[in-house]
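The sequence and the structure are shown first.

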Amino acid sequence: MFDLLLALYNYFLSPLLTLLIFVLLAYVIMGWLFTFGVINPHNPTARQIFNVLHSIVDPMARPIRRFVPPLGQLDLSILILFLIIQFVNGWLLPRVIMVFA
């Protein structure tokens, strides 16, 4: 059972959470590029990419936004989501797997 959980974590959950971190990073960077005018927000390709990223990130950030409102233009829910994913990937899941060892 332990080997199965460890393999599931190492080969599925950890890479999936790492990919989610990269999606968050791409979402934030693309938002900054739109805000500062580096990328034209009317460009259909850029808008489509941003909408895909937004459709992935927003359902996870929406519950956090209920408790942490944005501070002006600064949305702290993305930072909190990043910290939660890092905590789950780096500490919580390995500890849960060790309990079943």
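Helices here are DSSP runs of H or I with at least four residues, and strands are E runs of at least two, both numbered from the N terminus. On that basis, the elements of the chain run α-α-α from the N terminus on. The model is a predicted one.

**Overall form**

The chain holds three helices and zero strands. Its radius of gyration is 17 Å, well over the 13 Å that the globule rule gives for 101 residues, so the chain is more spread out than a compact globule. Along the principal axes, the C-alpha trace spans about 50 × 30 × 20 Å. Buried residues account for 25% of the 101 residues. The accessible surface comes to about 7,200 Å², and carbon and sulfur atoms contribute 73% of it. Of the contacts between residues at least 6 apart in sequence, 56% join residues at least 24 apart.

**Salt bridges**

How many salt bridges does a search of the whole structure find? The search finds three salt bridges, and they are listed below with the distance between nitrogen and oxygen.

| Pair | N to O distance |
|---|---|
| Asp58 and Arg62 | 2.8 Å |
| Asp58 and Arg65 | 2.5 Å |
| Arg65 and Asp75 | 3.0 Å |

Asp58, Arg62, Arg65 and Asp75 are linked through these bridges in a network. Asp58 and Arg62 are four residues apart in helix 2 (residues 44-67), which means that about one helical turn separates them. Is Asp58 buried or exposed? With a relative accessible area of 12%, Asp58 is buried, because buried means under 20%.

**Nonpolar core**

The largest nonpolar core has 20 residues, and those that touch the most other members are Leu24, Tyr27, Met30, Val57, Ile78 and Ile85. Helix 1, helix 2 and helix 3 are the elements that give two or more residues to this core. Which element gives the most to it? Helix 1 does, with nine residues.

The contacts of Ile85 can be set out individually. When residues up to four places away in sequence are not counted, Ile85 touches Leu17, Leu20, Ile21 and Leu24. Both Ile85 and Leu24 are among the core residues that touch the most other members.

**Nonpolar surface patch**

Ile29 counts as partly exposed, at 38% relative accessibility.

Terms used
Residues are numbered from 1 along each chain as its sequence is written. This is a predicted model: local features need pLDDT of at least 70, side-chain atom pairs count only at pLDDT 80 or more; totals for chains, interfaces and linings use all residues. Side-chain values use heavy atoms; hydrogens and water are left out. The radius of gyration is taken over C-alpha atoms; the globule rule is 2.2 Å times the number of residues to the power 0.38. Buried means under 20% relative accessible area, exposed over 50%, partly exposed in between (1.4 Å probe, protein chains only). Contact means heavy atoms within 4.5 Å. Accessible areas come from the Shrake-Rupley method with a 1.4 Å probe; for residues, only the protein chains shown count as cover. A salt bridge is a side-chain nitrogen of Lys or Arg within 4 Å of a carboxyl oxygen of Asp or Glu. A nonpolar core is a set of buried Ala, Val, Leu, Ile, Met, Phe, Trp, Tyr and Cys residues joined through side-chain atoms within 4.5 Å.
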